[in-house]
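Here is a short briefing on a protein model, grouped by topic. Please look at the sequence and structure first.

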Amino acid sequence: MHRDTELLNKTNIAPGAGETVVVAMSGGVDSSVAAALLHEHGYRVVGITLNLWDYHASGGNVNLESGCCSIDTMADARAVCHKLGVPHYVSDFREIFERSVQQNFIEEYFVGRTPNPCVRCNTFIKWGALLQQTQDIGGSFMATGHYARTYLNSTTNRWELWRAVDRQKDQSYALWGVRQEALARTIFPLGELTKPEVRELARGLGLKTAEKKESQEICFIPDNDYRRYLRERAPEAVAEIGAGNFVDVAGKQLGTHAGFPFYTIGQRKGLGLALGRPIFISAINPAENTIVVGDDEDLRQSDFIVSSVNWGSQFCPANDTAVSCKIRYRDNGAPAVLLEAEPHRVRVHFDAPQRAITPGQSAVFYDGEVVVGGGVIERIVNT
Amino acid sequence: MNRIYLDYSATTPLAPEVLEAMQPFLTEYFGNASSIHGFGREAKVAIEAAREKLAVALGAEPQEIVFTSGGTEASNIAILGLAPTFSEPRHLVTSRVEHPCVLNPCRELEKSGWQVTYVEPDATGMISVNAVAAALRPDTALISIMFANNEVGTINPIAEIARLAAERKILFHTDAVQAFGKLPIDVRQLPVSLLSLSGHKIYGPKGMGALFVRRGVKLQPILFGGHQERERRAGTENVAGIVGLGKAAELILGQRVAETARLQRLANDFWKHVQEIFPQATLNGNPAARLPSVLNLSFPGFESTALLMSLDLQGIAVSNGSACSAGSVEISHVLRAMKLPRERAVSALRFSFGKYTTPAEVETTLQALAKILQRSPRPNNSTN
């Protein structure tokens, strides 16, 4: 077995002394390397793969190789653990995943919002049920293959979530919901590494998952067709809503749509409207089942309310705290200020209007590397 | 780490004597029992000797024993092989607490027009003869009730149910996979038509089982091929497996009475001490009519998967319900049918003891358990 000492040192993992750490293992390369690194650093690793939904009941194209929760991925995770000589279990969290993630996913679309199931899975499943299980089996820490970092700030005495060194892979955006006490028990072994370095380590460690593809965006919708999923999961609700109207900003009727849950803010394709210029969805009005379309300019807003906030590096920042605010996963963030911060709610003002601020998506506030806090975009404030 | 195995209801290690008996048939005596030549004859003789051992163990005639690939196949042949002998779909009585290898063939029959009544157990998991009697109909063709339950160890009144079936001239199958070798079974006294058993629960090989088919009971094969096993189970015989099963049956028969008494003491002792270290613990299953080797216990406030993992991390193997293919577990259909309160159902662990369990292992397990149960229990009984 080839060991790249330089890379191992680069991980910056605190040496373990046999503490038990549960590693959430998807069967992919990232969590495999996370487990291997902790094992190398002297921790007592316990691999757990989450069984979150019934692979065969999920519909769509189940032949997609990368799907999680299939028997294959569990076998991959088990094989990696076996190679490391550490125990591996499958935890059945289907019930809580259905309740906390899938049902919420459906409900959000039916109130005209665009949900972010990965954030909820992290908050309620991994740093909820799995962290609880970690404690139940006497584990000291929980680790995942996420690209992010944590530090204890000795001045504020708060645990800080930091962006990953690999900016391409940084997943801090989806981790804003992890609470202080949960961060204190969390290890992100990959935060200091780049994806190519992780693959190199996987090859060096002889892990069979080294060349596995990236997983898809929403695990429980393997074909990535959320509209099909909504129709299958909530046929009555879909039928009840029925078709509605596309309107322009002034309220003028432009055509009909299939029902508001099937559209998202900023969407351009698949509208079936020919107006001779690019148009986008700028608002969704569930009460009237209407969808407002407009020009790129109509999409740009600067003020919005964020709810369900979890504060990170500082609790309830002072008025006018300047941050960089990310409103979607693939987004570099834009300068903003936090206004009227409350324990669970904040108003955000972008310095320059931003495109497609989407209710239901997460807004995450950064101060450089550090996550100041995050929450769910509640509504736009028209200024 | 010294590992401790307390999951004998899931499977058992091969007894050294069984391995020794099997070995020549994996090497030197490799013949096909259907062959006319000397190689074939050796195999055939060994198979028939094993059949006699099994017949002796059950009080059956050798020709009433059909070797199968395990308990699952035995029960499948009993249920699915019997159905086509009736000219039209009929009614079948089984129970909610059967093993999937009985439940799923019954569900399969429902697809072809059979009607199935699933008898409810009492709170201890027991199927009463009255409940079975109440489910019978004029067109009932088969009753299938397990001898002893695999999860909680409850022993059913099989003799009474068998007599009821005989009086009503209804065929009766019992899945005796857990009971065989642990409880006295003599088909000369017990009027069962069909009885399934398995090799790997009695220190024999995996992939090996048998079905007792009382003389005169007609069965269709469910596998189609050669004429082996009097045309009741096609396919070249697993000679080494059959020899192993015969040896295992012979061994367990000789040790049954003494071993039962020993395991009873061990299990009772364990249960007594568990109550001392965790007074809220409860016993699931029948306190009296229970397999001596099985203890299904609940630890309210805890979650069985976490308890199982915690014990496993210390090298102690127990079970929290039937072993499942992906290794993930939901509340077992048995505990659900017993209408166990949720808090008890989600915190149930099955400890099953066997031939190689020592008092020292039981002591070590109690110490580990005591430590784990000192951890703070859940604020509530759900997972969030």
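Which residues does A:L38 touch, not counting residues up to four places away in sequence? They are A:I13, A:G16, A:V21, A:V23, A:Y43, A:V45, A:A143, A:I187 and A:P189, where contact means C-beta atoms, placed from the backbone, within 7 Å.

This is a predicted model, in which local features need pLDDT of at least 70, side-chain atom pairs count only at pLDDT 80 or more, and totals for chains, interfaces and linings use all residues. Residues are numbered from 1 along each chain as its sequence is written, while chains are lettered from A and ligands numbered from 1 in the order in which they are written.

**Core**
- The largest nonpolar core has 218 residues, and A:L38 is among those that touch the most other members.
- Such a core is a set of buried Ala, Val, Leu, Ile, Met, Phe, Trp, Tyr and Cys residues joined through C-beta atoms within 7 Å; buried means 20 or more other C-beta atoms within 10 Å of the residue's own.

**Sheet in chain B**
- Three bridges join strand 9 of chain B to strand 10 (residues 294-298) of chain B.
- B:T282 has B:S298 as its bridge partner in strand 10 of chain B.

**Domains of chain A**
- An automatic or database assignment gives domain 1 (5-204), domain 2 (242-294) and domain 3 (298-380) of chain A.
- The C-alpha centres of domain 1 and domain 2 of chain A are 38 Å apart.
- Five residues from domain 1 of chain A and six residues from domain 2 of chain A make the contact.

Notes:
Buried ≥ 20, exposed ≤ 12 C-beta atoms within 10 Å, placed from the backbone. Contact = placed C-beta atoms within 7 Å. Pairing = 2+ DSSP bridges. Helix = DSSP H or I, 4+ residues; strand = E, 2+ residues; numbered from the N terminus.
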